[in-house]
Amino acid sequence: MPPAASRAGAPDDAETDASVILRSLEEPARFGEVFRRHAPALHRYVARRLGGPDADDVVAETFHTAFRKRHRYDPERPDARPWLWRIAANLVRRHHRTETRHYRALARTGADPVLEGFADRAVARVDATALSGDLAAALARLSRGDRDVLLLIAWGELTYEETALVLGVPVGTVRSRLHRARKRVRTALGSALPTHEESRP
């Protein structure tokens, strides 16, 4: 007997996102399962880019938009992350100036606990607290397109293919933007980044 599906219509964690979204067309409350699965990771990603208060608004608007447009969801795509991250990415773009100011402020004031996670993954044998200001300054100087690719992969934990879907660009463009962004961040951070950073975060 399936573990959850048989219990009064409770969502089964084995169900794909596509299946849950399809069911939600008839039972709107089902869409709450999509929120439960993906809201925490999406909030962490947006908070790293914009800070906490704006992240709350962006995540709420992302799921509100997704709920309204769920009838357009492609059922051939079992994982809803690229779809949700694409909605969020469009909303984050509206905050481009806020995001840049956020990084510049971090560069001036020093350590930020949200940035430390990325620093720990991107930098070998370097104190994350000492690095975060330089990292924030480097991110502030990236173009919007390069920053989107770098952070969707490093913080959003998306694949190259998923990032291409989110941004609506070819995978080759994702790879070239990522290469350029990593090179610029490495140059800005000097010797802090190891040579193996060309590998996927």
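Two residues are in contact here when heavy atoms of one lie within 4.5 Å of heavy atoms of the other. In this predicted model, 60% of the contacts between residues at least 6 apart in sequence join residues that are at least 24 apart.

## Overall build

The chain has 10 helices and 0 strands, so that, read along the sequence, the pattern is α-α-α-α-α-α-α-α-α-α, where helices are runs of at least four residues. Of the 201 residues in the chain, 46% are buried. The accessible surface comes to about 10300 Å², and carbon and sulfur atoms account for 52% of that area.

The largest nonpolar core has 48 residues, and Val46 and Trp83 are those with the most contacts inside it. The elements giving two or more residues to this core are α1 (17-24), α2 (31-50), α3 (52-68), α4 (81-94), α7 (128-141), α8 (144-154), α9 (160-167) and α10 (171-189). When residues up to four places away in sequence are not counted, Trp83 touches Ile21, Phe31, Ala66, Lys69, Arg70 and Tyr73.

## Helix pairs at the start of the chain

Two packed helices are described by the angle between their axes and by the distance between those axes.

| α1 and α2 | roughly 145 degrees | within 7 Å | 4 nonpolar, 2 polar, 3 charged |

In the pair of α1 with α2, the contact is made by Asp17, Val20, Ile21 and Ser24 of α1, together with Phe31, Glu33, Val34, Arg37 and His38 of α2.

The crossing in which α2 passes α3 is right-handed. On the α2 side, the residues making this contact are Phe31, Val34, Phe35, His38, Ala39, Leu42, His43, Val46, Ala47 and Leu50, while α3 contributes Gly52, Asp54, Ala55, Asp56, Val58, Val59, Thr62, Phe63, Ala66 and Phe67.

## Around α8 and α9

What can be said of how α9 sits in the structure? Because 6 of its 8 residues are buried, α9 is largely enclosed by the rest of the structure. The buried residues of α9 are Tyr160, Glu162, Thr163, Ala164, Val166 and Leu167, and they pack against α4, α8 and α10. Just after α9, Gly168 takes a positive phi of about 70 degrees.

Val149 lies in helix α8, and its relative accessibility is 0%, so Val149 counts as buried. Leaving aside residues up to four places away in sequence, Val149 touches Thr163, Leu167, Val174, Arg177 and Leu178; two of these residues, Thr163 and Leu167, are also among the buried residues of α9. From C-alpha to C-alpha, Val149 and Tyr160 are 8.6 Å apart in space, and they are 11 residues apart in sequence.

The loop between α8 and α9 holds Glu157, whose phi is near 55 degrees, a positive value in a residue other than glycine. Is Glu157 buried, partly exposed or exposed? With a relative accessible area of 47%, Glu157 is partly exposed, because buried means under 20% and exposed means over 50%.

Methods
Residues are numbered from 1 along each chain as its sequence is written. This is a predicted model: local features need pLDDT of at least 70, side-chain atom pairs count only at pLDDT 80 or more; totals for chains, interfaces and linings use all residues. Side-chain values use heavy atoms; hydrogens and water are left out. Buried means under 20% relative accessible area, exposed over 50%, partly exposed in between (1.4 Å probe, protein chains only). Accessible areas come from the Shrake-Rupley method with a 1.4 Å probe; for residues, only the protein chains shown count as cover. A nonpolar core is a set of buried Ala, Val, Leu, Ile, Met, Phe, Trp, Tyr and Cys residues joined through side-chain atoms within 4.5 Å. A crossing is left-handed if the near helix is turned anticlockwise from the far one by less than a right angle, and right-handed if clockwise. Axes are lines fitted to C-alpha atoms, for helices over the stretch in contact, and angles run from 0 to 180 degrees between N-to-C directions. Ala, Val, Leu, Ile, Met, Phe, Trp, Tyr, Cys and Pro count as nonpolar, Asp, Glu, Lys and Arg as charged, and the others, Gly among them, as polar.
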